[in-house]
Amino acid sequence: WGEWRFIPPVSTTRRVAVVVAGALPGLTNRYFEGSWDKVPDFASLTGAASSVVNTIDLTAAKRRESYALEFTGFVRVPADGVWTFTLTSDDGSRLWIGDALIVDNDGVHGPQNASGLVRLAAGLHPIRIGYCKNGSGQGLRVSWSGPGLDDQEIAPDMFFRKP
């Protein structure tokens, strides 16, 4: 669904995997109520409801408009190589691997796709996805493709969190 946005060039720097002792399945999800035109700075927000989720979707939202979600944890990359991450969202969404913004699909808009490329080593990598909903319609889909893997939603067994 939606239209596509520009895909930036891939960074030549290969990001190394991290070791997370005792990693548990799932991601941490934080939910906030408010009105934003862009994905907010979640570090500056308080009063979030928090839960553990297996997938990146909108089921944690307690209403259909004026809210934001943040998903944090780790994604298990199965092979070294260049990986494409795609966000399809209505409204804003952003995806970080470590401290690097990989996909920027931010702002108030209808269903729209944006992708970014990153060179990753096999193993666990910190991932963070931010989403905001302001207005009618909603949707969030996170997919990836890479060595030996056609574009598909990231499977729940690829997500982990700290114990």
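This note sets out points on the fold and on selected residues of the predicted model.

1. Basis of the values. The model is predicted: local features need pLDDT of at least 70, side-chain atom pairs count only at pLDDT 80 or more, and totals for chains, interfaces and linings use all residues. Residues are numbered from 1 along each chain as its sequence is written, and side-chain values use heavy atoms, with hydrogens and water left out.

2. Secondary structure. The protein chain contains 14 strands and zero helices, and its pattern along the sequence is β-β-β-β-β-β-β-β-β-β-β-β-β-β. Here helices (H or I, at least four residues) and strands (E, at least two) are DSSP runs, numbered from the N terminus.

3. Overall dimensions. With a radius of gyration of 15 Å, close to the 15 Å that the globule rule gives for 163 residues, the protein chain is as compact as a globular protein of that length. The radius is taken over C-alpha atoms, and the globule rule is 2.2 Å times the number of residues to the power 0.38. Along the principal axes, the C-alpha atoms fill a box of roughly 40 × 35 × 25 Å.

4. Burial and contacts. In the protein chain, 47% of the 163 residues count as buried (buried means under 20% relative accessible area, exposed over 50%, partly exposed in between, with a 1.4 Å probe and protein chains only). Of the contacts between residues at least 6 apart in sequence, 76% join residues at least 24 apart; contact means heavy atoms within 4.5 Å.

5. Charge. The protein chain carries 16 positive and 17 negative side chains, and the centres of the two sets lie 5 Å apart. Lys and Arg count as positive and Asp and Glu as negative, whereas His and the chain ends are not counted. The place of a charge is taken as NZ of Lys, CZ of Arg, CG of Asp or CD of Glu.

6. Asparagine 105 lies in strand β9 and is buried, at a relative accessible area of 0%. A polar atom of its side chain lies 2.8 Å from the backbone oxygen of glutamine 112. Aspartate 106 is in the loop between β9 (100-105) and β10 (112-120); it is also buried, at 15%, and its side chain reaches the backbone nitrogen of valine 39 at 2.8 Å.

7. Lysine 38. This residue lies in the loop between β4 (27-33) and β5 (49-53) and is exposed, with a relative accessible area of 54%. Leaving aside neighbours within four places in sequence, lysine 38 is in contact with Asp106, Gly107 and Cys132. Its C-alpha atom is separated by 16 Å from that of glycine 137, which is 99 residues away along the chain.

8. Phenylalanine 160. Located in strand β14 (residues 159-161), phenylalanine 160 counts as buried at 18% relative accessibility. Not counting residues up to four places away in sequence, phenylalanine 160 touches Ala23, Leu24, Pro25, Gly26, Leu27, Gly73, Phe74, Arg76 and Leu124. Between the C-alpha atoms of phenylalanine 160 and glycine 98, 62 residues apart along the chain, the separation is 14 Å.

9. Backbone features to inspect. The peptide bond from aspartate 90 to aspartate 91 is cis, with omega near 20°; aspartate 91 is in the loop between β7 (81-90) and β8 (93-97). Serine 66, although not a glycine, has a positive phi of about 55°, and it is found in the loop between β5 and β6 (67-77).

Methods. A polar contact is a pair of N or O atoms within 3.5 Å; within protein, one must be able to donate a hydrogen and the other to accept it, and residues adjacent in sequence count only if both atoms are side-chain atoms.
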